[in-house]
Amino acid sequence: MMKKRFGLAGLALFLFAGYAAASQPSSPPASLAQKLKVAPEESLAMIVPAKGVQIYECRVSQGGYEWAFVAPEADLFDNRGMKIGRHYAGPHWEAADGSKIVGSVKASTAAPDEAAI
């Protein structure tokens, strides 16, 4: 049961990140929203608070340097504030009991602001 519950937690984190991005002052273009639309058979099951960081690395690029995403590192909590797992590169969501899921990118698109990380 924990594997299924934790898989839904990963989806909740993804949706929460989308909510945070959508709550910014300007709305994304309709084409952007369409590319990231959730499939009809998917739904939000739970929200899992997380506290952590996204790690970036300065890398040499053509004509200079650029920031490149390396990995997330976050602790996951239940609604009482108890740590129930962690999120890290893969992306992986791992429960305190050792069960885990590995996610995969189903859709992505560039940010409307080219300077955004």
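A charge sits over a ring if NZ of Lys or CZ of Arg is within 6 Å of the ring centre and within 35 degrees of the ring normal.

**View 1. Arg 86 over the ring of Tyr 88.** In this predicted model, local features need pLDDT of at least 70, side-chain atom pairs count only at pLDDT 80 or more, and totals for chains, interfaces and linings use all residues. Residues are numbered from 1 along each chain as its sequence is written, and side-chain values use heavy atoms, with hydrogens and water left out. Arg 86 lies over the face of Tyr 88, 4.0 Å from the ring centre.

**View 2. The aromatic pair Tyr 56 and Phe 69.** Rings of Phe, Tyr and Trp (its six-membered ring) pair if their centres lie within 6.5 Å; planes under 30 degrees apart are stacked, over 60 edge-to-face, the rest tilted. The count is 1 aromatic pair. Its ring centres are 5.5 Å apart and its planes stand at 65 degrees, so Tyr 56 and Phe 69 are edge-to-face. Tyr 56 belongs to strand β1 (residues 50–61) and Phe 69 to strand β2 (residues 64–77), 13 residues apart. Strands are DSSP runs (E, at least two residues), numbered from the N terminus. Tyr 56 is partly exposed at 27% relative accessibility, as is Phe 69 at 43%. Buried means under 20% relative accessible area, exposed over 50%, partly exposed in between (1.4 Å probe, protein chains only).

**View 3. The open sheet of 5 strands.** The order is β1-β2-β3-β4-β5, with antiparallel pairing. Two strands pair if DSSP finds at least two bridges between them. β1 and β5 (100–102) are the edges; each has a single partner strand, so one side of each lacks a neighbour in the sheet.

**View 4. Strands β2 and β3.** β2 and β3 (residues 83–88) run antiparallel, joined by 5 bridges. Leu 76 has Gly 85 in β3 as its bridge partner.

Terms used: Helix = DSSP H or I, 4+ residues; strand = E, 2+ residues; numbered from the N terminus.
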